Amino acid sequence: LEKLFRLMCFNVFAHNRDDHSKNFSFIYSDDEKKWLLSPAYDLTYSYSIGGEHATTVAGNGKNPGMKDILEVAKKLGMNLKLAEDIAQQVKVCVEDDLGEILSKRF
């Protein structure tokens, strides 16, 4: 759950709006006898169709932010402090590592 939440946060902050259901998947681990979230893929800046996220964040596809992210966490039953920490960590990482690139896109 935390990995999917983290991926959602990345998609919001890195402006990856091509976040449809075929861009995340699961892999079955024979060793662990369970399904695991696959490594992330197709993580790129995307304006997408109509400028909206393919997968909305708390119903907001156009410009989701921290409020929407935390609403998803609440609906998932996540610890809200943990969710806020994860979202903030991802936001800072994206700003630090991709900020210059993303600022040229907006």
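Biologist: Why is Glu95 called partly exposed?

Modeller: Glu95 has a relative accessible area of 45%. Buried means under 20%, exposed means over 50%, and partly exposed is whatever falls in between (1.4 Å probe, protein chains only). Glu95, at 45%, sits in the in-between class, so it counts as partly exposed.

Biologist: Before we go on, what kind of model is this?

Modeller: It's a predicted model, where local features need pLDDT of at least 70 and side-chain atom pairs count only at pLDDT 80 or more, while totals for chains, interfaces and linings use all residues. Residues are numbered from 1 along each chain as its sequence is written, and side-chain values use heavy atoms, leaving out hydrogens and water.

Biologist: Back to Glu95, then. What makes its contact with Lys91 a salt bridge?

Modeller: The rule asks for a side-chain nitrogen of Lys or Arg within 4 Å of a carboxyl oxygen of Asp or Glu. For Lys91 and Glu95 the N to O distance is 4.0 Å, so the pair meets the rule. Both residues lie in helix H3, four residues apart, about one turn of the helix. Lys91 is partly exposed, at 27%.

Biologist: How many salt bridges are there?

Modeller: The count comes to three. Asp85 and Lys81 form one of them, with the closest N and O atoms 2.8 Å apart. They are four residues apart in H3, which means about one helical turn separates them. Lys81 is exposed at 55%, whereas Asp85 is partly exposed at 37%.

Lys34 also forms a salt bridge, with Glu32, and there the closest N and O atoms are 3.6 Å apart. Lys34 is partly exposed at 41%, and so is Glu32 at 46%.

Biologist: How do you know which residues form strand E2?

Modeller: Strands (E, at least two residues) and helices (H or I, at least four) are DSSP runs, numbered from the N terminus. Strand E1 covers residues 26-29 and strand E2 covers residues 34-37.

Biologist: And what makes E1 and E2 a pair?

Modeller: Two strands pair if DSSP finds at least two bridges between them. E1 and E2 have four bridges, in the antiparallel sense, so they pass. Tyr28 stands opposite Trp35 in E2. The hairpin has four residues between the strands, and Lys33 takes a positive phi near 55° there.

Biologist: What makes the buried residues of helix H2 line one face?

Modeller: H2 runs over residues 66-76, and its buried residues are Asp68, Ile69, Val72 and Ala73. Seen down the axis of H2, they fall within an arc of 145° (taken from the directions from the helix axis to the C-beta atoms), so they line one face. As a general point, an α-helix has 3.6 residues a turn, so residues three or four places apart point the same way.

Biologist: Which residues are exposed on the other side of H2?

Modeller: Lys67, Lys74 and Lys75 are. Take Lys75: its relative accessible area is 63%, so it counts as exposed. The C-alpha atoms of Lys75 and Pro39, 36 residues apart along the chain, are separated by 24 Å. After H2 comes Gly77, with a positive phi near 80°.

Biologist: Why is something called a pocket and not a cavity?

Modeller: On a 1 Å grid over the protein atoms alone, a cavity is a set of points where a 1.4 Å probe fits but cannot get out, while a pocket is an open set with protein on both sides within 12 Å along at least five of seven lines; lining residues have an atom within 4 Å of a point.

Biologist: How much space lies in the largest pocket, and what lines it?

Modeller: About 260 Å³ of space lies there, the volume being the space filled by probe spheres set on grid points joined across faces, edges and corners. Its lining has 13 residues, and Leu4, Phe5, Met8, Phe24 and Thr55 lie nearest the centre. Helix H1 (2-13) and H2 are the elements giving two or more residues, and H1 gives the most, with five.

Biologist: What classes do the lining residues fall into?

Modeller: Nine are nonpolar, three polar and one charged. Ala, Val, Leu, Ile, Met, Phe, Trp, Tyr, Cys and Pro count as nonpolar, Asp, Glu, Lys and Arg as charged, and the others, Gly among them, as polar.
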